[in-house]
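Here is a short briefing for a first look. Please keep the sequence and the model side by side as you read.

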Amino acid sequence: MSTSREITYAEAVRDGLGEILASDASTFLIGEDIGRAGGVFNLFTGLQEEFGPDRVMDSPISEAGIAGLGVGAAMAGMRPIVDIMFGDFITLAMDQIVNQAAKMYYMTGGQVSVPLLIHTTLGAGRSSAAQHSQSLHAWLCHIPGVKVVLPSTPYDAKGLLKTAVKDANPVIFYDDKMMYGMKGAVPNDDYSIPFGVADIKRAGTDVTVVATSSMVQVALKAADTLAKEGISVEVVDPRTLKPLDLDTIIASVKKTSRAVVIDEGYFSYGVTGEIASQISDLAFDYLDAPVKRIGAEDVPVPLAPVLEFSTIPDEKRLVETVKGLFGRRY
Amino acid sequence: MLDRSQLTEMYYRMKLIRRFEEEAEEQYKRGNLPGFIHFYIGQEASAVGICSALRKDDYITSTHRGHGHLIAKGGRVDLLMAELAGRVTGYCRGKGGTMHAADVSLGILGANGIVGGGHGIATGAGLAAKKRGSGQVAVCFFGDGAANEGSLAEAMNMASIWKIPVIYVCEVNGFGEYSRTEEVSAPAPFTARGEAFAIPSTEVDGNDVQAVYKVASEAVRRARAGEGPSFIQSNTYRLRGHHVGDVGELRKYRKNSEIEERWKGEPIGRFRQNLIEQYGWNDAEVDAIDQRVEDEIAAAVKFALESPLPDAKEAWDHVYA
């Protein structure tokens, strides 16, 4: 009898949500068309049938409204899970997240915290164009008081979800919408993954690639390609950006002496800038090359696939960037 | 008709708010309170009328002009004054101040520095109460200025479709900062906004504490009975400026003579008259409450000014729970 099974990322998240709803009566899900329709990505299929419309609520199109509702319900002792269909729409909920949820525990001097879980998506590649394809998680990382989670596998997704829902603070949980069909082994028994613990997805010796979300798969493919040319890549997946496991990242760079940070947010003023500068600061004496960064191009995401895919970080760009760290050897 | 203990409590709470605000103004002028304060002077009957109809475990959300709501809900003037003075003994350990003061043990989910910040929070607290079947209700206090934030429409729409036990109290005090209500709000009663979402809506003289109490009681009854939200437009008047530095005619939006004229309808004097004429009290009985308030406010100021400041390292506490 197997102790784990191969399921998709979407199935892992759905199973996790089902287990959460079944075990904690203070939790409920709310979002646009997540109930009867099961969500536009079929992520929530079957949950409303199983738990009823009181636990899995279909909301009006009111991102600010449901985020605010989530803050209030959380302050009043519940554990709401608010789904924002496309991460681009988080703009509508920013006051509730940034000025209310993130700060309530602090402003009240510790009287009440906001255990609000916001589940949303990021990632381009579906010809959805500029307003449905962004990865804006850097904005939330910037705000003290929130936690930011970016799983890269079905196993990580379910384990991090279990931790997220138990956290007393606002947590923003990002699925890359391109990964919902990705398969991976998920344990049958209950398990959780702590925040602030990076995962070395591939051990290596010559260069550290810090990768987030679907960029982890890009990094692993690039690592295979680079291995054929004699470059051994270590892929470090932070899994949570807030809190960030800098210890694991820095230890890796001290070992390899070269680093590339790859994330699907826009290149400028994002996650890669933060992590690269931390590496430059804390591993300075160990570096044999500048720390390089790869992000989405600083342009709105275009529609036509030939244009869209030229703006998203890919394996080819990562391979070229890594080779560039080794001078004229490659 | 209200009984003696209810009447006493109402007058006491209104006077407590008034004297707190006046004393906070004095302490600000002496340089003892960092930041700026927004006074509730002239609006006391609105907060007290509503909160008199609530239980201790009912929720309220408040505004940047929140001292009145907090005191009306049973909050402590000593802890509030200490919070305004940025002392570690304050409600929020000196971390929140006037615009974020809260007493969660009394269901006071905070004053709020974002205009309209309470719309979603109160509605969510009401939703939680409904899911728990606890019978609690949530009151969302906001001003006519906040009525123009889109968050209100989203909140009321959801409250309506899900029959959330939340009461939207729109305190129309004539101004949104330095703008007059009629300059920035469409020419329809604010009750029309509640009605637009099929929410039973009433307009009341917000300076008549008994009238406010009456409409609040009915709204609370409806909410506890599972009949859903209500909208109350509470008409009052802001007798001070927007904030403590907004004095005289500096900002050009109203004349001092208007303020003098409006003092005639202020709610505490009106209620004293009610107590005497309607309930047969005499001046000495009302004066006795005034004295009790005086003593309590003096003690609150003494407590605040003698309290220690927070340790600098507390700036890093309570970022995460």
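Which residues does A:Met178 touch, not counting residues up to four places away in sequence? They are A:Ala124, A:Gly125 and A:Arg126. Keep in mind that this is a predicted model.

**Around A:Met178**

- A:Met178 sits in a loop of chain A, between β7 (171-176) and β8.
- A:Met178 has a relative accessible area of 41%. That value lies between the cut-offs of 20% for buried and 50% for exposed, so A:Met178 counts as partly exposed.
- The C-alpha atom of A:Met178 is separated by 6.7 Å from that of A:Gly123. Along the chain, these two residues are 55 residues apart.

- β8(A) pairs with strand β1 (residues 4-8) of chain A. The pairing is antiparallel and runs over five bridges.
- A:Glu6 stands opposite A:Ala185 of β8(A).

**Where chain B meets chain A**

- On the chain B side, 35 residues are in contact with chain A; on the chain A side, 42 residues are in contact with chain B.
- The two chains bury about 3,000 Å² between them. Carbon and sulfur atoms account for 66% of that area.
- Three residues, B:Lys131, B:Tyr320 and B:Ala321, supply 22% of the area that chain B buries against chain A. That is more than any other three residues supply.
- How many salt bridges are counted between chain B and chain A? The count is one.
- A:Asp54 and B:Lys131 meet in a salt bridge through their side chains, at 3.7 Å from N to O.
- The interface also holds 13 residue pairs in polar contact.
- On chain B, α5 (118-132) and α6 (150-162) each supply at least two residues of the side that touches chain A.
- The largest share of that side of chain B comes from α5(B), with nine residues.
- The chain B side that touches chain A divides into 19 nonpolar, nine polar and seven charged residues.

**Backbone details**

- Where is A:Pro243 placed? A:Pro243 lies in the loop between β12 (240-242) and α9 (246-256) of chain A.
- The peptide bond from A:Lys242 to A:Pro243 is cis, and its omega is near 5 degrees.
- B:Ala198 is not a glycine, but its phi is positive, near 60 degrees.
- B:Ala198 lies in a loop of chain B, between α8 (191-196) and β6 (201-205).
- Is B:Ala198 buried or exposed? B:Ala198 counts as exposed because its relative accessibility is 65%, and the cut-off for exposed is over 50%.
- B:Lys252, also not a glycine, has a positive phi of about 70 degrees.
- B:Lys252 is found in the chain B loop between β7 (230-235) and α10 (256-262).
- With a relative accessible area of 77%, B:Lys252 is exposed.

Note on methods:
Residues are numbered from 1 along each chain as its sequence is written. Chains are lettered from A and ligands numbered from 1 in the order in which they are written. This is a predicted model: local features need pLDDT of at least 70, side-chain atom pairs count only at pLDDT 80 or more; totals for chains, interfaces and linings use all residues. Side-chain values use heavy atoms; hydrogens and water are left out. Contact means heavy atoms within 4.5 Å. Buried area is the accessible area (1.4 Å probe) that two parts lose on being put together, summed over both. A salt bridge is a side-chain nitrogen of Lys or Arg within 4 Å of a carboxyl oxygen of Asp or Glu. A polar contact is a pair of N or O atoms within 3.5 Å; within protein, one must be able to donate a hydrogen and the other to accept it, and residues adjacent in sequence count only if both atoms are side-chain atoms. Helices (H or I, at least four residues) and strands (E, at least two) are DSSP runs, numbered from the N terminus. Ala, Val, Leu, Ile, Met, Phe, Trp, Tyr, Cys and Pro count as nonpolar, Asp, Glu, Lys and Arg as charged, and the others, Gly among them, as polar. Buried means under 20% relative accessible area, exposed over 50%, partly exposed in between (1.4 Å probe, protein chains only). Two strands pair if DSSP finds at least two bridges between them.
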